[in-house]
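Have the model open as you read.

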Amino acid sequence: MRPVNASVHLRRIIISAMFLSLALILRTYLRVDLYMFGGSGMRLSVHGIFSTMPSILFGPVYGGIVSGLTDFLGFLMRPAGAYLPMLTVTAVAAGFLRGCLWLFLRNKNAMVMRYCLGAVAAVVLFVGGYNMFAFRADGVRDFYSFSEESGIVRHVYTHTTEGINADGLNYYRISEYTSIERRNDVGNITWHMEGVRTIIYTPVATPPRRIDADASYVNITGMRLISRMAIVRSFATLGQANVLGEFIMFTTGAMIGSGALVLLLLALDFVLRKFLLKDNFRTMALALSMMIPAILVSTANTWILRETTMTAWQVLPFYVVWLPRVLQSIGTTTINVYFVAVLINVCESQPTMRALMAKVM
């Protein structure tokens, strides 16, 4: 690490303040808030182009400070709901992580990174496809779909109890089964349970379904590993069907979508490099440096909002609110990457800026 004098620090601070000002203007006046599930769930803006620049030009410390100030001052200039300090913390973490990743990746071989990223995407795509096949073959998707009319799930129950709860608000129906089993198309049993007790509540509104059972009664012998993991994860909990559906979504659709999206971004990177940009823009290193923090922060912010101000989201599976937010982050970041690449090229063409950037390492 080379020593940096006060003059260099001052110039970096001034330039970072300029980027901060541009980011605040865009965040305040050129943004679109999208409402989802009862609240402002997403924000469309390109202010990230300028809040990212200090991370890339001057390192993680400048990047973290500018990103945090962009979130905090942006809220003061145009509030949207209650202020959540944790969102500012994640913004600081994103700026810091961007700077660290850029310092680590910027001199790596771009073609090697593309091959590695493509290989990881192909593996994720394959695993997601295999999981989909395994869940379908083992009948996991229908595990909580108890339908006596289907002919697939057979119920043998001892008795059913119905009545009104003591609170007078819920009508309940309790069914106790001696056994439940599912057979595949050729008649073989794919799973079997015994001693199952289900409870269905019917309040004034359409009720959630709750199933109570003992995991020790589930026969998962012969199932594939991912199927066993799904059932064990969801069993002996409230709202098992939702838990199982969430696990299936993350291990199938989310994985397939993620792998396909990465391959699509690699194809886009190839087209842009071939016809518009050159390798000296280091778009692959820049894309990874910006995309990884964007996904992590979008995931963390979704959880924070879900547990604090967006309580309506709690009745939904996590992936339902997470998926559109993370896709929006990926799309916005993809656009930002190529604007940032152009700005980096402009900065590197200026001797003064090049000298400030060179002293980051």
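Helices α5 (110-138), α8 (253-275), α9 and α10 each give at least two residues to the lining of the second largest pocket. Helices here are DSSP runs of H or I with at least four residues, strands are runs of E with at least two, and both are numbered from the N terminus. This is a predicted model, in which local features need pLDDT of at least 70 and side-chain atom pairs count only at pLDDT 80 or more, while totals for chains, interfaces and linings use all residues. Residues are numbered from 1 along each chain as its sequence is written, and side-chain values use heavy atoms, with hydrogens and water left out.

**The second largest pocket**

- A pocket is an open set of points on a 1 Å grid over the protein atoms alone, where a 1.4 Å probe fits and protein lies on both sides within 12 Å along at least five of seven lines; its lining residues have an atom within 4 Å of a point.
- The space in the second largest pocket comes to about 580 Å³, where a volume is the space filled by probe spheres set on the points, and grid points are joined across faces, edges and corners.
- Its lining counts 31 residues, and Ser258, Val262, Leu265, Met291 and Ile295 are the ones nearest the centre.
- Helix α8 supplies the largest share of this lining, with 11 residues.
- By class, 24 lining residues are nonpolar, six are polar and one is charged. Ala, Val, Leu, Ile, Met, Phe, Trp, Tyr, Cys and Pro count as nonpolar, Asp, Glu, Lys and Arg as charged, and the others, Gly among them, as polar.

**The largest pocket**

- The largest pocket holds about 1,200 Å³ of space.
- Of its 45 lining residues, Arg27, Arg43, His47, Asp71 and Asn301 lie nearest the centre.
- Two or more lining residues come from each of β1 (31-36), β2 (39-45), α2 (48-58), α3 (60-77), α4 (85-105), α9 (283-307) and α10 (318-348).
- Helix α9 gives the most to this lining, with seven residues.
- The lining of the largest pocket has 20 polar, 17 nonpolar and eight charged residues.

**Salt bridges**

- There are three salt bridges in the structure, each a side-chain nitrogen of Lys or Arg within 4 Å of a carboxyl oxygen of Asp or Glu.
- One of them joins Arg27 and Asp71, at 4.0 Å from N to O. This pair ties together distant parts of the chain, 44 residues apart, with Arg27 in helix α1 (residues 6-29) and Asp71 in helix α3.
- Arg27 and Asp71 are both buried, where buried means under 20% relative accessible area, exposed over 50%, and partly exposed in between (1.4 Å probe, protein chains only).
- Arg31 pairs with Asp33 at 3.4 Å, N to O. Arg31 is buried at 8% relative accessibility, whereas Asp33 is partly exposed at 22%.
- Asp33 also forms a salt bridge with Arg43, whose closest N and O atoms are 3.5 Å apart. That pair links strand β2, which holds Arg43, to strand β1, which holds Asp33, 10 residues apart.
- Arg43 is partly exposed, with a relative accessible area of 31%.
- Arg31, Asp33 and Arg43 together make a network of salt bridges.

**Cysteines**

- The structure has zero disulfides, a disulfide being a pair of cysteine sulfur atoms within 2.5 Å.
- Cys100 is partly exposed at 29% relative accessible area, while Cys347 is buried at 11%.
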